[in-house]
Amino acid sequence: MDRLFDFQKFMRRRELKQREIADILGISVGVAGHWAVGRAFPKFEKIPDLIRAGMTAQELFGEDTAKILLENSKQQNLDPNFQQGVKEMLEEILKEKFSK
């Protein structure tokens, strides 16, 4: 099964401890721990920080969703509504995943 928001995989790939990634992202160690085990997910506003820290689309959204996002972004040609649509879609995905 494709894991949505694989923070633990990201931490392993970057060889970072929870304290280190918490400092990089400006979050508490507790939040990093909750993200790592899937108890919580970041708010949409934190996604740019995760990307700047080196998190891949696959780690953020899972393989299947990343493929859809990448394919759609190629087709959108920077449509101004695309960014808002992606934001809404991601918020819905995270809300769905977190409510399970």
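Predicted model: local features only at pLDDT ≥ 70, side-chain atom pairs only at ≥ 80, totals over all residues.
Residues are numbered from 1 along each chain as its sequence is written, and side-chain values use heavy atoms, with hydrogens and water left out. Local features need pLDDT of at least 70 and side-chain atom pairs count only at pLDDT 80 or more, whereas totals for chains, interfaces and linings use all residues.

Helices are DSSP runs of H or I with at least four residues, numbered from the N terminus. The axes of α1 and α2, taken as lines fitted to C-alpha atoms over the stretch in contact, with angles running from 0 to 180 degrees between N-to-C directions, come within 11 Å and cross at roughly 100 degrees. The two helices are therefore roughly perpendicular to each other, a term that covers angles of 65 to 115 degrees. In this contact (heavy atoms within 4.5 Å), Phe 7, Phe 10 and Met 11 of α1 meet Gln 18, Ile 21 and Leu 25 of α2. The residues involved comprise five nonpolar, one polar and no charged, where Ala, Val, Leu, Ile, Met, Phe, Trp, Tyr, Cys and Pro count as nonpolar, Asp, Glu, Lys and Arg as charged, and the others, Gly among them, as polar.

Four salt bridges are found in the whole structure, each defined as a side-chain nitrogen of Lys or Arg within 4 Å of a carboxyl oxygen of Asp or Glu. In one of them, Glu 59 pairs with Arg 13, the closest N and O atoms being 2.8 Å apart; Glu 59 lies in helix α5 (residues 57-61) and Arg 13 in helix α1, so the pair ties together parts that are 46 residues apart in sequence. Glu 59 is buried, at 2% relative accessible area, while Arg 13 is partly exposed at 44% (buried means under 20%, exposed over 50% and partly exposed in between, with a 1.4 Å probe and protein chains only).

Lys 46, Asp 49 and Arg 52 are linked in a network of salt bridges, with closest N and O atoms 3.1 Å apart for Asp 49 and Lys 46 and an N to O distance of 2.5 Å for Asp 49 and Arg 52. Lys 46, in the loop between α3 (29-37) and α4 (47-52), is buried at 18%, whereas Arg 52 is exposed at 64%.

Glu 15, in the loop between α1 (7-14) and α2 (18-25), is exposed at 70% and has a positive phi, near 55 degrees.

Terms used: Parallel < 35°, antiparallel > 145°, perpendicular 65-115°, else oblique.
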